[in-house]
Amino acid sequence: MKIAIGSTNPVKIAAVRSVIERVWPAATIHPIEVPSGVAAMPMSDAECLAGARQRASAARQTLNADIGVGLEGGVQSDPAGLMLMGWVVIVDSHGREGIGGAARLLLPPIIASRLLAGEELGPVMDDLLGQANVKQKGGAVGALTAGLVPRQQAFAIAVAYALAPFLTPAFYG
């Protein structure tokens with residue numbers, strides 16, 4: 001089985017690999033950079049989900065893979081404040097689709113205000129932490145949970161959720 005991932009981010013690749021290897025150990029995983037079709041900093045569930053869907057479809061089609069996986073992180077305004085979240089979409093060559101969401105984390109005001117002013121989360125976290133490429137390491141979620149939930153783990157759970165229609169098709173029709 002050939003699985004295309006619509007990203008070359010090592011954290012996203014590792015998240016997919018950690019789940020896929022448990023389900024289909026013989027599968028080959030092929031990361032490819034594809035456009036999301038959404039803003040660099042998705043500001044809603046709808047935009048984030050659209051980006052994940054676009055990445056999954058584009059990766060699968062470009063590599064003629066059996067399955068395409070798209071992962072997109074973003075934020076969503078909520079009555080509690082600005083929430084960090086992520087979506088995963090998995091598509092196959094038969095048009096079947098699975099969707100899974102990552103847990104939400106309330107962003108502190110110092111981060112939320114910068115995102116609402118138009119900045120992107122990755123550079124904001126790099127600036128605040130004095131590091132480079134935080135999004136390719138533990139991510140904002142890892143930094144804000146002091147390493148308890150690294151970005152890879154957050155996305156891996158969403159990948160597992162998105163696989164549900166492929167693992168238990170009888171429930172999904």
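This is a predicted model: local features need pLDDT of at least 70, side-chain atom pairs count only at pLDDT 80 or more; totals for chains, interfaces and linings use all residues.
User: Are α1 and α6 parallel, perpendicular or oblique to each other?
Analyst: Helices (DSSP runs of H or I, at least four residues) and strands (E, at least two) are numbered from the N terminus. Helix α1 (residues 10-23) packs on helix α6 (residues 151-162) at about 45 degrees, with axes 8 Å apart; axes are lines fitted to C-alpha atoms, for helices over the stretch in contact, and angles run from 0 to 180 degrees between N-to-C directions. Under 35 degrees is roughly parallel, over 145 roughly antiparallel, 65 to 115 roughly perpendicular and the rest oblique. So α1 and α6 are oblique.

User: How many nonpolar residues are in the contact of α1 with α6?
Analyst: Contact means heavy atoms within 4.5 Å, and the residues meeting there include Val11 and Val19 in α1 and Phe155 and Val159 in α6. Ala, Val, Leu, Ile, Met, Phe, Trp, Tyr, Cys and Pro count as nonpolar, Asp, Glu, Lys and Arg as charged, and the others, Gly among them, as polar. The contact of α1 with α6 has two polar residues, two charged ones and, for the nonpolar class, nine.

User: Which residue of β2 stands opposite Ile5?
Analyst: Strands pair if DSSP finds at least two bridges between them. Four bridges join β1 (residues 2-5) to β2 (residues 28-31), and the two run parallel. Ile3 stands opposite Ile29, and Ile5 stands opposite Pro31.

User: And which residue of β3 stands opposite Ile5?
Analyst: Three bridges join β1 to β3 (residues 67-78), again in parallel. In β3, the residue opposite Ile5 is Val69.

User: Is α3 parallel or oblique to α4?
Analyst: The axes of α3 (residues 109-116) and α4 (residues 121-129) come within 10 Å and cross at roughly 140 degrees. That makes the pair oblique.

Terms used:
Residues are numbered from 1 along each chain as its sequence is written. Side-chain values use heavy atoms; hydrogens and water are left out.
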